[in-house]
Amino acid sequence: MASTVMDQRKLSTWKPNSKLWFLILGLFLAIGLTSAAVVFWNGLIVTNMSDKVPWGLWITIDLSSIALGAGAFTLSAVVYLFGVKQFRSIIRLAVLVGFTGYTAALLTLIIDIGRPDRFWHPWFFWNVHSVLWEITWCITIYLAIMILEFLPVLVENKFFNRWPWIRKIAHVLHKAAPAFALAGLLISLLHQSSLGATYGIVKSRPIWFKPSMPIMFILSAVAVGPVLTMAVSYVIEWIKGVKLVPDQVKRTIARFGGFGLLAYAYLKFWDYAAVTYYGRTPSVSQSFFLLNQDTPYNFGFWFGEIILGIIIPVFLFLSPRTNKKPVYLVLGAAFAVLGVIFNRWNVTVSGLLIPVQYSPGITSLIEPGKYFPAWTEWGVAIGIIGYVLLVLTLGVRFLPLFNTDEH
Amino acid sequence: MSKKKKVSVALTRRDFLTLGATAVGSVLAAQVFTTGPLSPFSVLKQQQIEGATEPSIGHGAAGKNHWGMVINLDKCIGCEYCLRACSATNDVREDMAWNVVTKEKNSTGRTFFFSRPCLHCQVAPCVEVCPVRATYIREDGLVVMDYERCIGCRYCEVACPYDARKFNWEARPDEENPYVPTWGIPEVERRPRGVVEKCTFCIQRIDKGLEKGLVPGEDMEATPACVNICPVGARVFGDLKNPESQISQVLEENSTIRLREELGTEPSVYYIPPKEGL
């Protein structure tokens, strides 16, 4: 009884706008849960993935949300290892965004694998030679680190008033923040690059098999992850109508993101010009020919990844005329995020559309693969977006994310 | 002014304790990672001790046999009997054939027929990428699947350079197999939904045959269905490690190729090209 009364009181403090917001989130989650139920019931046959294109939209979501969660380890390292204290005001939000991204990836993965009931197998049956095994472990460990990093924030909630000993433990945990930051940095550098290696080591797929893959993955994650956190903090400020993070901090993150994207752009051109040149076997040339003939690969690459994902954000983040206006910074972050998603999609799907050619003859009888996500796949994607927004909303509502009086 | 400042290193008790704890912690961590039950190395070591009952991803056949196949493209007439016998014996779904047959052209424009089982690579990309060791190389060189362990991530399917792996996108309850009983009777269970499957060189025949003292490749009961049914004898199966076996003789007498050899996958399947060349 008492709890329901309290809940009502809490709910009544929420404005009608926020009720509408929760209605939308509920709708997103309902769509997601329905799609997931359809997938679990019927099997992955209800997706548009096939033996030719065994990975699709969901893997793109996994890769993107882990990359976009990179703000957590980057900013933790900046604050706790490099001792740049002014970023403390955003660090809790960064960890929350990171946590949301990683859990979103795990949720998607559970739906994507054929045997969700065996999700725990990588922890028990080890193949130390597999990048995917290493990634699973790194993500598990890093998720644990993020939870430990975030526990002190969580127990500041009034709810924990009755158990003071939990606060004491949390206080000790908070003292260990530099250790968590160091572990998080190492583990993240490892798995963020391994996600690229997932593709880079596959000999059978000509356009994937190159050493530049892990470096491009990690650099794009480090550049765009913090920028997403920056944009989220702006949006929260707009909604709440309060200043929470000093503008100077956000602008510095945007500038860092701008320079990071420039470095990423440099790597991409090196990859485009040099790596592809040295690795231009006949099968690579043939693959690009097929891609350009059958898919909007070139458009996706130049428009989605380069112009939208790099050039426009770099301009918005670094030009003195635009980087003082929050709207432009948030817009730039949105483009950069889209660029990362474009890139992960392009890498995954384009590589798989090219048929594996193994016959010794001269004619290829294998048709290039075709793939566009089915409604179930889009539905799960919408559900995941709903989940991300819900966690962020609840975090902002109930947690002291912007408590700057940290010692 | 030129007096040297005395530099004193003050080691407080706190520092001392921190250093001590770090040192002890490192030693413990090293212990856990190298010898403890959580250590990857201990798993590998244990397997070595147990004579690799469940082999690590290993490279190649370590035992006394190495099963391989020769496919003579010059003899193949494209009848697809191998496909049918395989699909019946292993109860393979029609659109998921483990053993495919295609019509190909050589550089002079002449048609030849090409068929492909799983090549049982000795440096197998699929085995390397599996996050749970659900697929592994046996002592006798066979690349096999553990359907009970596969989580269905499909990374092996993505990594296979020969498109030899198929995923069970849906359950196969009581659907008819059009190849049964004309082309054979299923000898293995259907695979469940959500796991990857592939050609096994009819592992059930090899294992049962060896128990009975038969020789795979010579006694039909111990030989893969596709080899037995071939009406023109285009497929030869046997022990690559035994120089007396038929397959070793065939390999000695003919020049052969392996598929995508540049990838270094060391397939166990060899091809004799058509007389007119490729």
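Author: Helix 10 of chain A passes helix 14 of chain A in a left-handed crossing, a crossing being left-handed if the near helix is turned anticlockwise from the far one by less than a right angle, and right-handed if clockwise. Helices (H or I, at least four residues) and strands (E, at least two) are DSSP runs, numbered from the N terminus. This is a predicted model, in which local features need pLDDT of at least 70 and side-chain atom pairs count only at pLDDT 80 or more, while totals for chains, interfaces and linings use all residues. Residues are numbered from 1 along each chain as its sequence is written, and chains are lettered from A and ligands numbered from 1 in the order in which they are written.

Reader: At what angle do the axes of helix 10 and helix 14 of chain A cross?

Author: The axes of helix 10 (residues 212-240) and helix 14 (residues 326-353) of chain A cross at roughly 140° and come within 9 Å, with axes fitted as lines to C-alpha atoms, for helices over the stretch in contact, and angles running from 0 to 180 degrees between N-to-C directions. Helix 10 of chain A and helix 14 of chain A are therefore oblique to each other; angles under 35 degrees count as roughly parallel, over 145 as roughly antiparallel, 65 to 115 as roughly perpendicular and the rest as oblique.

Reader: And which residues meet there?

Author: On helix 10 of chain A they include V224(A), L228(A) and Y234(A), and on helix 14 of chain A they include L329(A), V337(A) and N343(A), where contact requires C-beta atoms, placed from the backbone, within 7 Å. By class, this contact has 15 nonpolar, two polar and no charged residues, with Ala, Val, Leu, Ile, Met, Phe, Trp, Tyr, Cys and Pro counted as nonpolar, Asp, Glu, Lys and Arg as charged, and the others, Gly among them, as polar.

Reader: Switching topic, how many residues of chain A are in contact with chain B?

Author: 36 residues of chain A are in contact with 46 residues of chain B. On the chain A side, helix 7 of chain A gives the most, with four residues, and the residues of that side divide into 20 nonpolar, 12 polar and four charged.

Reader: What about chain B, then, and is E252(B) buried or exposed?

Author: Chain B has eight helices and nine strands, and E252(B) sits in helix 8 (residues 246-253) of chain B. E252(B) is exposed, because 8 other C-beta atoms lie within 10 Å (buried means 20 or more, exposed 12 or fewer, and partly exposed in between).

Key. Two residues are in contact if their C-beta atoms, placed from the backbone, lie within 7 Å.
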